[in-house]
Amino acid sequence: MNKSTFSVYAGPDEDDPVFHYDFERNKQGYTEAHLQVLGENAPMTQVMRELCSRKQKLLGDLHFPVGGRRFRPSIEDLIEFLIEEELAKPKLGWRNVLDRSRAKFQEIQLRAAIRQNPGVALSALVDDGYHLSKS
């Protein structure tokens, strides 16, 4: 996957999200996995106007990092947040569904991280007492 976006809206206008999580593989200029919050924060706006060379100097223009390519939030994390903060009403059995789906996503990410760092994975297993041999 090269790109994904999870957006939350307070109303029916799809051009005006409250916030969104984005993942953009190999993005230049800011972190691949990030959160953007559309809103106003007077102190932050003032700091940005004084320090930033960019034309846009609003809170929503910032790309807050959220864990990078492998350890970014999942859609399940966002849904759980909305339910736990009482911003969405859950359906019966929601927790089990999210937990199963999140586990699948995390396994995919873990497998990819292991492929990128097999020596670290091997070392961790050996440190935990596993005896491994190459076939």
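## Gln36 and its surroundings

In this predicted model, the side chain of Gln36 reaches out to the backbone oxygen of Gly60, at 2.8 Å. Gln36 belongs to strand E3, which covers residues 33–37. With a relative accessibility of 11%, Gln36 counts as buried, because the cut-off for that word is under 20%.

Which residues does Gln36 contact, leaving aside its neighbours within four places in sequence? They are Phe19, His20, Asp22, Gly60, Asp61, Leu62 and His63.

Searching the whole structure turns up two aromatic pairs. Phe19 sits in strand E2 (residues 17–24) and Phe81 in helix H2 (residues 75–84), so their pairing ties together parts that lie 62 residues apart in sequence.

Together, Phe19, Tyr21 and Phe81 make up one aromatic cluster. Are its members Phe19 and Phe81 buried or partly exposed? Phe19 counts as buried, at 12% relative accessibility, whereas Phe81 is partly exposed, with a relative accessible area of 33%.

## A charge over a ring

One more ring is worth a look: that of Phe23, with the charged end of Arg72 sitting over it. The distance from that charged end to the centre of the ring is 3.9 Å.

Technical notes. Residues numbered from 1 in each chain as written. Predicted model: local features only at pLDDT ≥ 70, side-chain atom pairs only at ≥ 80, totals over all residues. Heavy atoms only, no water. Phe/Tyr/Trp six-rings, centres within 6.5 Å; stacked < 30°, edge-to-face > 60°. Buried < 20%, exposed > 50% of the residue type's maximum accessible area, 1.4 Å probe, protein only. Helix = DSSP H or I, 4+ residues; strand = E, 2+ residues; numbered from the N terminus. Lys NZ or Arg CZ within 6 Å of the ring centre and 35° of its normal. Polar contact = N/O pair within 3.5 Å; in protein donor to acceptor, adjacent residues only side chain to side chain. Contact = heavy atoms within 4.5 Å.
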